[in-house]
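Visitor: I would like to learn how to read this model; could you take me through it step by step?

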Amino acid sequence: MASWLVTGSNRGIGLALCRLLQAQGHSVVALCRTPSAELQKLGVRIEAGIELTSALSLEDLARRLAGVRLDGAILNAGVLEGDDLESFSAESLRRQFEVNALAPLLLARSLLPNLKAGSKLGLITSRMGSIDDNSSGGYYGYRMSKTALNMAGRSLAVDLRPRGIAVAILHPGMVATRMVGFSGCPPEQAASGLLTRLEALTLENSSSFWHANGEELPW
Ligand SMILES: NC(=O)c1ccc[n+]([C@@H]2O[C@H](COP(=O)([O-])OP(=O)(O)OC[C@H]3O[C@@H](n4cnc5c(N)ncnc54)[C@H](OP(=O)(O)O)[C@@H]3O)[C@@H](O)[C@H]2O)c1
């Protein structure tokens, strides 16, 4: 039995990850702003009231998690605000950077006292953050923030290697959640693929950019 922390746990892919981890016999620390009825039904440890863009929230969380050992953390929470060249705004770009890039990096650093040699860090990014893969344009805020997250993941992998902590940069696929109007594969399928990738994660392949289906993605 391992202990895993999951952000964005109240719905979508995060909820499916919590459900599957629990079904596999692991203990789960589920982070969210407001717990959903589905999350509460799981009976896992819930740390609610955590706004990931708030420094005060992260300090509060560090106090709540003092002494808690984590075998893994999946930083999954994110936002997508669709835009194009005509419609993007600086405010929207900033909001997406805050949630998708800055918050996971700051949380990863504040979780270091809870992680140990052998622990794993999964960053849920998007293929839309791949520069090589971008042939359709648009989505400035989302794409740029996920590209920044990918770079943070690469630096984290380098910096955490001496501590024995491996980092995976993971695209869940197109998944039927509120973020994308509920079109795509079931969240359970994405969660299963993501956990398989995290099982396969080692210090040797740390910093890989993987699709949940196992495909290695271009940067
Ligand atoms: N669905 C897809 O097809 C797809 C594809 C590629 C990548 N992804 C990535 O997968 C991850 C999960 O997305 P999803 O599809 O499950 O979307 P979702 O259903 O919209 O869930 C997003 C989660 O992030 C949380 N969140 C957003 N902003 C937050 C903040 N400031 N503080 C704390 N929590 C916050 C939300 O909490 P609230 O309920 O409180 O808002 C919610 O739990 C995201 O990183 C997303 O970019 C998804």
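Guide: A residue is called buried if 20 or more other C-beta atoms, placed from the backbone, lie within 10 Å of its own, exposed if 12 or fewer do, and partly exposed in between. This is a predicted model, in which local features need pLDDT of at least 70 and side-chain atom pairs count only at pLDDT 80 or more, while totals for chains, interfaces and linings use all residues. Residues are numbered from 1 along each chain as its sequence is written.

Visitor: Is Phe182 buried or exposed?

Guide: Phe182 lies in the loop between β6 (166-171) and α6, where helices (H or I, at least four residues) and strands (E, at least two) are DSSP runs numbered from the N terminus. Phe182 has a positive phi of about 60 degrees although it is not a glycine. Because 11 other C-beta atoms lie within 10 Å of Phe182, this residue counts as exposed.

Visitor: And is Tyr139 buried or exposed?

Guide: Tyr139, found in the loop between β5 (120-124) and α5 (140-160), also has a positive phi, of about 50 degrees, although it is not a glycine. Most residues other than glycine have a negative phi. Since there are 21 other C-beta atoms within 10 Å of Tyr139, it is buried.

Visitor: At what angle do the axes of α1 and α6 cross?

Guide: Axes are lines fitted to C-alpha atoms, for helices over the stretch in contact, and angles run from 0 to 180 degrees between N-to-C directions. The contact, which requires C-beta atoms placed from the backbone to lie within 7 Å, involves residues including Ile13 and Leu17 of α1 and Ala191 and Leu195 of α6. The axes of helix α1 (residues 12-23) and helix α6 (residues 187-200) come within 8 Å, and they cross at roughly 65 degrees.

Visitor: Which element gives the most to the shell around the ligand?

Guide: Of the 29 residues around the ligand, Gly8, Gly12, Ala77, Gly78 and Thr177 come nearest, where being near means having a C-beta atom, placed from the backbone, within 6 Å. With 3 residues, the element that gives the most to this shell is α1.

Visitor: What pattern does the protein chain follow along the sequence?

Guide: The protein chain has 6 helices and 7 strands. Buried residues make up 42% of its 219 residues. Read along the sequence, the protein chain follows the pattern β-α-β-α-β-α-β-α-β-α-β-α-β.

Notes
Two residues are in contact if their C-beta atoms, placed from the backbone, lie within 7 Å.
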